[in-house]
Amino acid sequence: MLAGILLRIHGNLSLSDALMTLILSFMVFSQIKLFGMGVSMLRMTAAAIDRTIETEQIPRMDENGKALAPKTHDISFEHVSFSYEKKPVLRDVTVNLPDKTTTAVIGPSGSGKTTFCNLIARFWDVDSGCVRIGGVDVRDYTLESLMDQISVVFQNVYLFADTIENNIRFGCPDATHEQVVEAARKACCDDFIEALPDGYNTVIGEGGASLSGGEKQRISIAHAMLKDAPIVIQDEATATVDPENEDRLQKAIEALTRNKTILMIAHRLKTVCNADQILVIDHGQIVQQGRHEELIAQPGIYRSFVGSKKSRRVEAINRFFYYIAGLPHDKPSAAALLKWSSSRIGITAFRHTLRQTCEAPT
């Protein structure tokens, strides 16, 4: 193109030939660009094929498993160690979770709490030792029969790009519409579902992108209620629920977990206090184990956990009161408190705060 322009300027090329040179230059450039895009797509395709081949070469986890239905649903860890590649996460963990009891797991961030729970559902296999359900190694179950025993409710909920009804029904494909609606009602998500344009037939985005975090979690709880598995693993379900719905949802969770083996990563003092057993995990090991009354009397992580929760809650309440009263550095006036407490939001927040304060363990 540049050569054609220079030749035209010096009179060595006619106007028609110069224009033809420009047109041909653009045509050649467009073909080179398409060739470059094709090479890039070929590289992406080759990488995808390589990943597919690697996936096909992964051995089936339940190749030698059996479709089992244990009579009891106690969970035991026997000298379990696990690491992500070369990073140790759990180290020689031995503990028993009795049948039809609630076990709360607490510990600092990165201590191995989530991994501890995930090994039960066999999201990964242990490096050494074994995890048993009903006295049977989880590796001896088929994946289908293992997941029939477990419902998992975590805070980071993933939903499929399908209707809300199908997402709730996922754990029990044969459930009727009436059963789905009843599970949604118990999980306190029927109100926002019915407010959607197509109700239960509303298609949500991939991962539940069109719903809030609390709404996704309540749908996940409805799914777990419909499945009605004998073991429930949860990252405390009420952590992202507003105070107005917390009472109803807590009652629903109590119905879900009645006469079941419960393992939960606990964030609230009330949950920890009511647990039959508390496990404190730090650096991949169980450093404390027992009931609230036993652990609160011992110096250690648990006592610090309880103290920090109480102090943060009191500080948050004080800051909220100061903000409402417009006095960030002083106590709110009686008139400001009276005006605030007479409002609907004030009454709801005050009831929630009072309940949490009264029910906190000491």
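A nonpolar surface patch of about 400 Å² is formed by M20, I23, L24 and M27 in this predicted model. Patches comprise residues with over 30% relative accessible area and no salt bridge, nonpolar side chains (Val, Leu, Ile, Met, Phe, Trp, Tyr) being joined within 5 Å and like charges within 9 Å; a salt bridge places a side-chain nitrogen of Lys or Arg within 4 Å of a carboxyl oxygen of Asp or Glu. Areas were computed by the Shrake-Rupley method with a 1.4 Å probe, and for residues only the protein chains shown count as cover. L24 lies in helix α2 (residues 15-56) and is partly exposed, with a relative accessible area of 44%. Burial is defined as under 20% relative accessible area and exposure as over 50%, with partly exposed residues in between (1.4 Å probe, protein chains only).

Residues are numbered from 1 along each chain as its sequence is written, and side-chain values use heavy atoms, with hydrogens and water left out. Local features require pLDDT of at least 70 and side-chain atom pairs pLDDT 80 or more, whereas totals for chains, interfaces and linings use all residues.

The protein chain contains 14 helices and ten strands, taken as DSSP runs numbered from the N terminus (helices H or I, at least four residues; strands E, at least two). Of its 362 residues, 40% are buried. The accessible surface of the chain is about 20,800 Å², with 58% belonging to carbon and sulfur atoms.

The largest nonpolar core has 39 residues, among which I168, I193 and Y302 touch the most other members. Such a core is a set of buried Ala, Val, Leu, Ile, Met, Phe, Trp, Tyr and Cys residues joined through side-chain atoms within 4.5 Å. Helix α8 (residues 213-227) gives the most to this core, with six residues. A second, separate core of 29 residues includes V80, L97, I231 and I233.

In helix α6 (residues 177-186), the buried residues are V180, A183 and A184. Viewed down the axis of α6, they fall within an arc of 100 degrees and therefore line one face of the helix, the arc being that of the directions from the helix axis to the C-beta atoms. Their cover includes α5 (164-169), α7 (190-194) and α8. Just after α6, C188 adopts a positive phi of about 60 degrees.

Helix α3 (residues 113-120) is largely enclosed by the rest of the structure, because seven of its eight residues are buried. These are K113, T115, F116, C117, N118, L119 and I120. R122, which follows α3, has a positive phi near 60 degrees.

How values were computed. Contact means heavy atoms within 4.5 Å.
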